[in-house]
Amino acid sequence: MLVAEAEPALIDRYGRHVALDAAPTALLWLDTTAAVTLGDGSVHWIGDDADPEAVPVHAGAILAACRHPDGAAIVTGGDDGRVCRVSPAGEVAELGAFSRKWVEHLAASPASGLLVAGVGKEAICWTKGTSAPSHRYAVGSTIGGLALDAKGKRLAIAHYNGATLLYGTNPNSGRVALAWTGSHLACTLQPEGRFLLTALQETGLHGWRLADLRDIRMGGYSAKTRSFSWDRKGKWLATSGDAAAILWPFEGKDGPMGKPPLLRAERKGAVVTQLAFHSKDDVLAVGYADGVVALARLADEHTLLLDTEGASITVLAWNDAGTRLGWGGEDGRIGLLAMDARA
Amino acid sequence: MAFSPTIPVTVLTGYLGAGKTTLLNRILSENHGRRYAVIVNEFGEIGIDNDLIVDADEEVFEMNNGCICCTVRGDLIRIIEGLMKRRGAFDAIVIETTGLADPAPVAQTFFVDDDVRARASLDAIVTVVDARHILLRLEDSHEAEEQIAFADVILLNKTDLVDAGGLAQVRRRIRSINAQATLHETQNCVFPLEAVLERGAFDLDRILEIEPNFLSEDDHEHDDAITSVSLRSEAPIRPELFMPWLRTLTAAQGQDILRLKGVLAFPGEEQRYVVQGVHMLLDGNHQREWKPEEPRTSRLVFIGRNLDPAALQAGFDDCAARAA
């Protein structure tokens with residue numbers, strides 16, 4: 001079913017908009033407090049019904065952010081080459097500085113405590129509890145994306161002409177080289193570590209079944225895929241890059257091989273840019289290039305309009321409990337929705 | 001969705017020692033009221049501290065899109081996306097390439113990547129040429145020749161180091177490769193920066209000023225020399241014939257066609273249609289209305305190797321609408 005824009009947007013009844021001064025580059029939740037990182041180098045902490053509190057962190061833009069493995073702060077990477085830990089109280093601690101480089105990718109795992117930053121051609125690692133880099137892995141070309149499995153041990157690094165797989169907690173890890181011509185951008189590991197998927201410059205995904213390194217090709221996208229989201233059981237991978245959210249089935253040992261994807265929340269004339277599965281229910285939040293945000297149910301194609309047209313949605317995330325949803329458009333319009341208010 | 005204009009991008013090429021760094025230092029240090037983000041290949045050479053200077057990796061890769069000569073600069077795609085997160089911090093982008101770089105992957109990056117196209121547009125390729133050494137360079141280097149071929153603006157630098165006869169010879173050689181670029185002569189990259197930066201639309205209007213078939217056969221120096229062919233038609237061009245012809249031509253000869261540019265008058269259309277291409281990649285758009293006094297002449301320029309002016313003119317003529 002198409003997303004109906006005639007209905008009133010849910011944000012008007014159960015949420016609010018917050019206007020920030022620059023383009024959001026990440027939105028992360030710590031319980032019910034949102035952290036929004038911006039292109040002007042600042043982090044804005046926004047609690048329920050509270051005014052945003054700005055923390056200047058980087059000179060230049062914040063290019064990447066993730067939650068700190070300890071769950072009590074976020075980690076930011078900037079085009080000033082610094083990696084910083086930023087707490088909701090506004091404390092900023094520098095974890096690393098890489099002169100004249102950009103920190104474009106970050107991944108962290110609460111399970112293993114590992115933090116990884118993609119800096120040029122190197123993946124820099126901080127093992128559990130460390131506040132300075134503990135080891136690093138060099139690859140042949142600039143890193144396009146990083147991913148960790150659910151245990152936080154398997155580390156995938158996407159780059160030109162393929163990807164490299166290793167054990168990120170082991171400085172002397174062996175490596176699996178996965179070759180496929182082209183430029184590989186974002187990547188994601190199936191939570192159990194059975195499949196690795198990368199987004200290609202030419203649009204579409206490339207996948208590897210890691211048990212036997214078999215190649216999987218997943219095409220048909222009109223734009224580059226930049227957002228991945230796994231459902232809570234690791235059964236579905238939702239992907240951006242087309243007029244509908246494209247969901248690939250990962251049940252069984254063959255994954256999506258030979259199976260069609262499920263299409264949800266289709267809209268005419270706007271590409272899906274961001275998506276996020278709910279942590280407890282079979283619903284998917286979807287953001288589009290024209291600023292619309294919708295909620296799609298997997299079971300029956302029903303959708304709910306969450307936000308109306310604006311600038312392209314660049315960030316979208318649920319909190320862990322699934323009680324808050326946050327999103328942001330390129331123009332700095334942030335939407336925050338309280339789902340527990342719907343009782 | 002809110003309309004946001006694209007950021008103009010100037011690409012700076014030129015053989016080693018031609019004077020690119022001098023020019024970059026001028027762009028970064030002069031008080032011209034514009035803020036430039038500069039993507040350089042060797043950060044150390046720039047004597048200015050500026051957080052809008054970014055190191056490039058010159059990472060060229062082939063696109064998996066069935067177009068054999070389609071290579072792009074992956075690092076540029078990444079850097080431009082990163083810079084766009086700081087929109088408002090700068091007005092334009094300048095990209096420096098290494099002396100040995102083939103300009104095609106840089107130019108093609110602006111045709112191929114949809115996200116880059118949506119945010120940035122190639123304003124001009126500026127090639128700095130060392131007047132004293134260029135003739136020797138052209139003997140032993142394809143890159144030097146291609147850098148001239150790709151140029152929208154050529155800065156013929158160090159003209160004080162050659163005599164009048166030598167300079168005339170260099171001018172003639174440059175014109176034999178690229179008849180339509182704007183040519184400025186300087187001694188130490190001293191000339192107004194506005195002649196180089198933010199020129200707009202690839203200086204497309206200049207191709208209207210060039211006489212067709214500017215070259216005579218004597219100008220061909222060797223068989224694989226790069227030459228320009230300029231075509232014109234007073235009769236309007238029929239898009240339903242022109243588009244397939246151009247696509248077929250670039251598909252067959254795209255490896256030899258380094259650049260093409262055109263301004264076209266379609267029958268009954270009030271807007272000028274502009275087309276440009278790099279190898280097999282084409283891009284076309286309605287540009288602006290024809291001015292009342294402007295003759296509606298269609299022009300098309302090819303720069304490349306093994307170009308047959310007669311065959312190209314015949315093909316172009318076949319696309320023209322005949323009087324009934």
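What percentage of the 324 residues of chain B count as buried? The value is 41%, where a residue is buried if 20 or more other C-beta atoms lie within 10 Å of its own, exposed if 12 or fewer, and partly exposed in between, with C-beta atoms placed from the backbone. The model is predicted: local features need pLDDT of at least 70, side-chain atom pairs count only at pLDDT 80 or more, and totals for chains, interfaces and linings use all residues. Residues are numbered from 1 along each chain as its sequence is written, while chains are lettered from A and ligands numbered from 1 in the order in which they are written.

The secondary structure of chain B consists of nine helices and 14 strands; helices (H or I, at least four residues) and strands (E, at least two) are DSSP runs, numbered from the N terminus. Two residues are in contact if their C-beta atoms, placed from the backbone, lie within 7 Å. Among contacts in chain B between residues at least 6 apart in sequence, 73% join residues at least 24 apart.

Chain B is divided into domain 1 (7-199) and domain 2 (210-318), with bounds that come from an automatic or database domain assignment. The C-alpha centres of domain 1 of chain B and domain 2 of chain B are 24 Å apart. To the contact, domain 1 of chain B contributes 17 residues and domain 2 of chain B 19 residues. On the side of domain 1 of chain B that touches domain 2 of chain B, two or more residues each come from helix 3, helix 6 (142-150) and helix 7 (164-177) of chain B. Helix 3 of chain B has the largest share of that side, five residues. By class, this side of domain 1 of chain B holds 11 nonpolar, four polar and two charged residues; Ala, Val, Leu, Ile, Met, Phe, Trp, Tyr, Cys and Pro count as nonpolar, Asp, Glu, Lys and Arg as charged, and the others, Gly among them, as polar.

Helix 3 (residues 104-112) of chain B is largely enclosed by the rest of the structure, because eight of its nine residues are buried. The buried residues of helix 3 of chain B include B:Ala104, B:Val106, B:Phe110 and B:Val112. Helix 5 (residues 134-140) of chain B contains B:Leu138, which counts as buried because it has 21 C-beta neighbours inside 10 Å. Leaving aside neighbours within four places in sequence, B:Leu138 is in contact with B:Ala144, B:Glu145 and B:Arg173.

Between the chains, the contact takes 20 residues from chain B and 25 residues from chain A. Helix 2 (74-84) and helix 4 (114-119) of chain B each supply at least two residues of the side of chain B that touches chain A. Four residues, the largest share of that side, come from helix 2 of chain B. The side of chain B that touches chain A has five nonpolar, four polar and 11 charged residues.

In chain A, strand 7 (residues 74-78) is largely enclosed by the rest of the structure, since five of its five residues are buried. A:Ile74, A:Thr76 and A:Gly78 lie on one side of strand 7 of chain A, and A:Val75 and A:Gly77 on the other. Two strands pair if DSSP finds at least two bridges between them. Strand 6 (residues 62-67) of chain A runs antiparallel to strand 7 of chain A and is joined to it by five bridges, with A:Gly77 as the bridge partner of A:Ala64. These strands form a hairpin with six residues between them, and A:Gly71 in the turn has a positive phi of about 75°. Strand 7 of chain A also pairs with strand 8 (residues 82-86) of chain A, in the antiparallel sense over four bridges; here A:Gly77 stands opposite A:Val83. The hairpin of strand 7 and strand 8 of chain A has three residues between the strands, and A:Gly81 takes a positive phi near 80°.

A further group of four strands in chain A forms an open, antiparallel sheet in the order 24-25-26-27. Strand 24 (272-277) and strand 27 (303-307) of chain A are its edge strands. Strand 24 of chain A pairs with strand 25 (residues 283-288) of chain A over five bridges, and A:Val272 stands opposite A:Tyr288.
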